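Please consult the sequence and the structure while reading.

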Amino acid sequence: MESGTPRREPGPARRQATVLESVEEIRAQVRASSSRTVQEVAPRAGTDRVADETPVFRPVSRPPMALLHVLDDGDTTGEVIRIRGDSFLIGRVEGNLIIPHDSGMSGRHAEIVRRNDGRAWSWHLRDLGSTNGTFVRASTVLLHQDQEFMVGTRLFRFDAPVVASAAEEPSRANATRKWEVPSRAGAGGLAPGMAPACLVEISKGAELCRHALTGGEIWLGRDPSRCAIVVDDPFVDPRHARIYRDEKGRWVVANQRSRNGVWGRASEVALERGGYFQCGEQRFLLKAL
């Protein structure tokens with residue numbers, strides 16, 4: 001990169017299917033809201049505010065760095081690693097950070113990448129074909145066929161609606177088929193011949209149970225009196241996540257201010273503002289500086 005390339009100014013994240021929760025949003029969900037309000041003191045007339053308007057120096061020509069927090073078990077603190085290169089690998093056997101005791105992590109699991117599009121720098125998280133996947137904590141996850149997400153210690157996979165029709169006769173195999181139009185969002189029903197979408201709870205690659213998504217909105221949580229999908233897991237809130245169809249008829253799972261969040265599996269995701277992610281059972285926080 002040539003000297004003088006500007007760094008990205010703070011702004012809205014790029015549009016992507018999985019919308020990550022910001023660090024501030026997560027902290028607001030886990031801390032108590034009982035702090036007292038401190039009365040503001042009005043500045044005295046004539047006070048020199050020049051110092052307040054001068055920003056603190058920061059580099060503007062060289063690439064930015066990031067801080068990777070390797071979170072201790074059940075805590076929000078841990079080891080802090082400064083990332084100054086364009087690539088940082090995480091794995092159980094090899095990489096810049098090796099975590100040998102986590103059997104759920106692959107030998108080369110994930111990579112943090114710094115990129116420049118010719119205008120500004122950005123950080124990305126990329127899964128390296130790991131067995132158990134890389135998950136990011138998100139406020140919403142757009143569900144498509146085989147999309148996986150976690151709540152607590154439970155893993156779910158989305159099965160999209162399919163056309164429930166008999167096998168075609170060989171003579172009509174190449175015939176033009178009529179388009180199938182799914183029901184519109186909020187209609188509460190299915191188009192003729194459509195089987196409902198399902199959430200499949202899976203463990204070690206095996207299906208444990210299937211939950212049909214037959215309405216326009218379904219709640220998932222630990223409380224059976226308020227949730228259609230009940231998850232018996234101490235790390236799941238009574239009403240943990242809302243599953244609904246958006247204005248385009250697509251299924252979405254949204255975190256509902258739960259303590260432990262919703263985690264969507266991603267092959268690659270932009271971490272422009274930073275975010276939480278998980279490899280195996282190890283959780284991380286990346287802060288983009």
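The points below cover the overall fold, then the salt bridges, then a charged surface patch.

The model is predicted. Its protein chain contains two helices and 22 strands, and a search of the whole structure finds 17 salt bridges.

**Overall fold**
- Of the 289 residues in the protein chain, 40% are buried.
- Among contacts between residues at least 6 apart in sequence, 56% join residues at least 24 apart.
- The chain exposes about 17,700 Å², of which carbon and sulfur atoms supply 50%.

**Salt bridges**
- R154 and E201 form a salt bridge in which the closest N and O atoms are 2.8 Å apart.
- R154 lies in strand β10 (residues 154-159) and E201 in strand β13 (residues 197-203), so this pair ties together parts that are 47 residues apart in sequence.
- R154 is partly exposed at 23% relative accessibility, whereas E201 is buried at 8%.
- Salt bridges with shared partners join D146, R157, D159, E207 and R210 into one network.
- The side chains of R119 and D117 meet in a salt bridge (3.5 Å, N to O); R119 is exposed, with a relative accessible area of 62%, and D117 is partly exposed, with 37%.
- D223 and R226 also meet through their side chains in a salt bridge (3.0 Å, N to O), and R226 is partly exposed, with a relative accessible area of 43%.

- E281 belongs to the loop between β21 (275-279) and β22 (282-288).
- E281 is exposed, with a relative accessible area of 70%.

Terms used
Residues numbered from 1 in each chain as written. Predicted model: local features only at pLDDT ≥ 70, side-chain atom pairs only at ≥ 80, totals over all residues. Heavy atoms only, no water. Helix = DSSP H or I, 4+ residues; strand = E, 2+ residues; numbered from the N terminus. Buried < 20%, exposed > 50% of the residue type's maximum accessible area, 1.4 Å probe, protein only. Contact = heavy atoms within 4.5 Å. Areas by Shrake-Rupley, 256 points an atom, 1.4 Å probe, with all protein chains shown as cover. Salt bridge = Lys/Arg side-chain N within 4 Å of Asp/Glu carboxyl O.
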